[in-house]
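Open the model in your viewer and keep the selection panel at hand.

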Amino acid sequence: MALTLGALAEQIGGKLHNAVPGCEIRSVATLQHATGDDVSFLANKGYRKHLLTTRAGAVILAPDNLHDCPVAAIVTDNPYSAYARAAALLTPRKPKREGIHPAAVIGDDCSIDPAAWVGPHCIIED
């Protein structure tokens, strides 16, 4: 899933700095591994050294770290919480599976809840 930087900032309650609001963000990554379509964050001062060399599309950080950020920033008082919200928005849950896979073996006297998922090669005996 992709969100524009402006939409992401709005949904996580942050303010954009040095950013193009229409820039698309597709995923989350660490400061060290992020690329231009990733958002990262800085909440622990031990990782501040990685902020200077990050290639993230944007970094979520506190106001006191803004002056060291070489890329677009989403500024918030709680970067850790904002990053968790961003990760949830950018990494939607997989749809829930239901039913019985054709390769599953189910005993004749078994009753399977319709909301359950029985995967391939599963065996449920009487």
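Start with the largest nonpolar core, which has 15 residues. A nonpolar core here is a set of buried Ala, Val, Leu, Ile, Met, Phe, Trp, Tyr and Cys residues joined through side-chain atoms within 4.5 Å; buried means under 20% relative accessible area with a 1.4 Å probe, protein chains only. Select Leu8, Ile12, Val39, Ile60 and Ile74, the residues with the most contacts inside this core. Helix H1 (5-12), strand E6 (58-61), strand E7 (72-75) and helix H3 (79-90) each give two or more residues to it. Helices (H or I, at least four residues) and strands (E, at least two) are DSSP runs, numbered from the N terminus.

Another core, of twelve residues, lies apart from this one; Ala29, Leu51, Ala56 and Ala73 are among them.

This is a predicted model: local features need pLDDT of at least 70, side-chain atom pairs count only at pLDDT 80 or more, and totals for chains, interfaces and linings use all residues. Residues are numbered from 1 along each chain as its sequence is written, and side-chain values use heavy atoms, with hydrogens and water left out.

Next, show H1 and H3. Leu8, Gln11 and Ile12 in H1 meet Ala82, Arg85, Ala86, Leu89 and Leu90 in H3 (contact: heavy atoms within 4.5 Å).

Now select Ser40, in strand E5 (residues 38-41). Ser40 counts as buried because its relative accessibility is 1%. Its side chain reaches the backbone nitrogen of Leu31 at 2.9 Å. Beyond four places in sequence, Ser40 touches residues including Ala29, Ala56, Ile60 and Tyr83.

Conventions:
Buried means under 20% relative accessible area, exposed over 50%, partly exposed in between (1.4 Å probe, protein chains only). A polar contact is a pair of N or O atoms within 3.5 Å; within protein, one must be able to donate a hydrogen and the other to accept it, and residues adjacent in sequence count only if both atoms are side-chain atoms.
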